[in-house]
Amino acid sequence: MWKLVCPLLLLCLPPAVVPLFCYTCVFPTASPLDCIQFPLMCPPEQVCLSSRAVGVKGDFRVVLNEKSCILPSMCGVTGEKYTMGLNFTFTNECCDTHLCNGASTPPNPSWTVSLLLLFILNTVW
């Protein structure tokens with residue numbers, strides 16, 4: 001009898017909640033650098049966040065990258081915030097699998113071209 005009851009009891013128990021781990025930044029960083037990341041266990045009901053904020057003042061442009069946990073209601077949100085004397089436009093992107101927000105942001109193409117040119121010039125000379 002117990003051989004039949006035990007499996008039935010296990011089926012009646014609610015599934016165990018597995019915590020979600022996301023990368024978080026020690027501090028936000030300016031592009032093209034990626035932040036120093038470490039895994040963080042998110043509170044229940046939260047997902048992984050990758051946020052990008054672009055600040056412009058005249059010809060000066062700064063891109064900040066941030067990663068952490070966030071409530072799903074903040075996913076896909078775009079808005080503005082004022083910090084460091086600049087107006088930033090930010091975009092929140094979310095994902096819901098372990099450490100899914102770890103991919104670094106693609107570098108600015110002009111930065112990549114500059115590095116490539118420096119490499120070529122150093123190799124030729």
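1. A term is needed at the outset: contact here means that heavy atoms lie within 4.5 Å. The model under review is predicted, and the points below should be read accordingly.

2. Ile70 lies in strand 5, which spans residues 60-70. Apart from neighbours within four places in sequence, Ile70 is in contact with Gln46, Val47, Leu49, Cys75, Asn92 and Cys94.

3. Is Ile70 buried or exposed? Ile70 counts as buried because its relative accessibility is 13%, and the term buried applies under 20%.

4. The overall fold may be described next. The protein chain contains two helices and seven strands. Along the sequence, these elements follow the pattern α-β-β-β-β-β-β-β-α. Of the contacts between residues at least 6 apart in sequence, 60% join residues at least 24 apart.

5. The interior deserves a separate comment. Buried residues account for 22% of the 125 residues in the protein chain. The largest nonpolar core consists of six residues, namely Ala53, Val62, Leu64, Leu86, Phe88 and Phe90. Strand 5 and strand 7 (86-95) are the elements that each give two or more residues to this core. Strand 7 supplies the largest share, with three residues. There is also a second, separate core of five residues, among them Leu20, Cys42, Cys48 and Cys69. In soluble globular proteins, nonpolar side chains tend to be buried together.

6. The surface also carries nonpolar side chains. Val26, Phe27, Ile36, Phe38 and Leu40 form a nonpolar patch there, and together they have about 450 Å² of accessible area. For the protein chain as a whole, the accessible surface comes to about 9200 Å², and carbon and sulfur atoms account for 70% of this.

7. Phe38, one of the patch residues, is found in strand 3, residues 37-41. Why is Phe38 classed as partly exposed? The relative accessible area of Phe38 is 38%, and the class of partly exposed residues lies between the buried limit of 20% and the exposed limit of 50%. Phe38 is therefore partly exposed, whereas Ile70 is buried.

How values were computed
Residues numbered from 1 in each chain as written. Predicted model: local features only at pLDDT ≥ 70, side-chain atom pairs only at ≥ 80, totals over all residues. Heavy atoms only, no water. Patch = residues over 30% accessible without salt bridge, like charges linked within 9 Å, V, L, I, M, F, W, Y side chains within 5 Å. Areas by Shrake-Rupley, 256 points an atom, 1.4 Å probe, with all protein chains shown as cover. Salt bridge = Lys/Arg side-chain N within 4 Å of Asp/Glu carboxyl O. Helix = DSSP H or I, 4+ residues; strand = E, 2+ residues; numbered from the N terminus. Buried < 20%, exposed > 50% of the residue type's maximum accessible area, 1.4 Å probe, protein only. Core = buried A, V, L, I, M, F, W, Y, C linked by side-chain atoms within 4.5 Å.
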